[in-house]
Amino acid sequence: YHQFTTELVWRGNQALTLCNALFVSYRTPDQVYRQELASLLYGHRGGLRPYAPMSLDRVAIDYQQKTVAVGIGLSDPAPVMRSAFREGLGCVVMGPDQTFADVPALPELRLPRYSDDAASISWPGGDLVTEKPLPDDVDGESLRQAEEWMFDRERHGGHSGQVTVSLLVVYRGDIVGERYAPGFDMNTKIRTWSTAKSIASTVIGIAVGKGLLALDGPLPIDWLPEGRKGAPDPRRGITLRHVLNMSSGLYPVDNEWQPVRGSHLVYFGGWDASYHSRDRGLINEPGTVVDYENFDILLGILALKNGIGDQQTYLEFPHRELFRRIGMRNTIPGVDRYGNYVMSSQVYTNARDLARLGLLFLNRGRWNGEQVVPEEWVDFVRTPAPATRSTGNQYGGQWWLVPDSRTDLPQDAFASSGSQGNFTIVVPSYDLVIVRRGLDWEEQGPGPGMNRWDVLAEVLKAFPRREGGRKYGIGNED
């Protein structure tokens, strides 16, 4: 019954992935088919999927117009799916009823170019890194072994589906370890997947600090479907805190991996993120049950859009209020075709920009003496969601927390985490930031992807053991 909707999503997935890889990451089709698209071959438990990726003879790439079409020349009922590069926003998935004649109507963002060159600005504001000897308290051999453990998984207890493309270790503000796989370098941008959620939370926190949103106020959203006239809508009790804690209480549509429903149709099928994220009913009391749901953070982004109230200002907001203030020059958040940020997953960036984000939180929201993110927000994202207290206190405000079961790790560490093994790990008690970028096949191949806390444990072998810090790190133990 769902065969052709599934095919539509696979074609849209490939169109978007290939478009961004070519025109945002500047990679070649051969590289993309061997790496980014390789994981699409595998289903759960290692079974081959019958759908994607489609061979290049069924793909049309226009390098001048920067567009990709997938599914050309086929006679089945599934449509050709298209993606087009748009200035400032990366590639956008088009609707199944659209053609490239509709590209000019897609959103774009034109911002002034930077007046300086990152290569001439010292790290972390820029990319000029002065070579220094390792600090005396860093074990260089253990750091090298951690790199080998990360990049050669088959020799170190892993498998070929765990593919590390970059590792960056920042200690006391300095880069002490940086390595890239062949075909990647410090400038290569790849999709963050759900690490984007931590970026979105940061942008929302800035808006809260400016008074545009309230953490514990009702979301400024018109829910769908509309309730009966005069009848109370229990969804109006959902707050920004609830959605950032992944405990909105709304019906979860992403629990089972079904490409014919939920966020997959937003990501790859041309759905409207603002419409479908709010078209759900309440099944639990808000704040009582954690359910990891892409649509929850998209509700937070929609609240941001409504709180700002102007489309252009909304599109510029992440750049002006975060990226440009801390040197994240390589970060491109994607949108759907309706101009809604899809910052639950669709952000392209490089390892150094993610390290800058980690440093911002390591320094409690300050950058070059300026308070970019309110300190209270840093505390909030590191505080366990109340609904996680019975399951290990493992999740905060769109950042993952060290679960109670990992007593081998510093309890003040917290991490952004995305599919395919994309992690940014912040460890205040060690003055440490670790970025691992991956193209893991996860459960869609011979075994699971990398675990963020195993990555932390391996890197920590190179650093002197010290006090782990309190779980919350905010002077609040309740």
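Okay, some ground rules. The model is predicted, so local features need pLDDT of at least 70, side-chain atom pairs count only at pLDDT 80 or more, and totals for chains, interfaces and linings use all residues. Residues are numbered from 1 along each chain as its sequence is written, and side-chain values use heavy atoms, with hydrogens and water left out.

So, the overall build. We've got 12 helices and 15 strands in the chain; those are DSSP runs, H or I for helices with at least four residues, E for strands with at least two, numbered from the N terminus. The C-alpha trace spans about 65 × 55 × 50 Å along its principal axes.

How much of the chain is buried? Of the 478 residues, 59%, where buried means under 20% relative accessible area, with a 1.4 Å probe and protein chains only. And take contacts, meaning heavy atoms within 4.5 Å: among those between residues at least 6 apart in sequence, 66% join residues at least 24 apart.

Now let's zoom in on Q411. You'll find Q411 in the loop between β12 (400-401) and β13 (414-418). Is Q411 buried or exposed? Buried, because its relative accessibility is 19%. And the side chain of Q411 reaches the backbone oxygen of R406 at 3.0 Å.

Note on methods:
Buried means under 20% relative accessible area, exposed over 50%, partly exposed in between (1.4 Å probe, protein chains only). A polar contact is a pair of N or O atoms within 3.5 Å; within protein, one must be able to donate a hydrogen and the other to accept it, and residues adjacent in sequence count only if both atoms are side-chain atoms.
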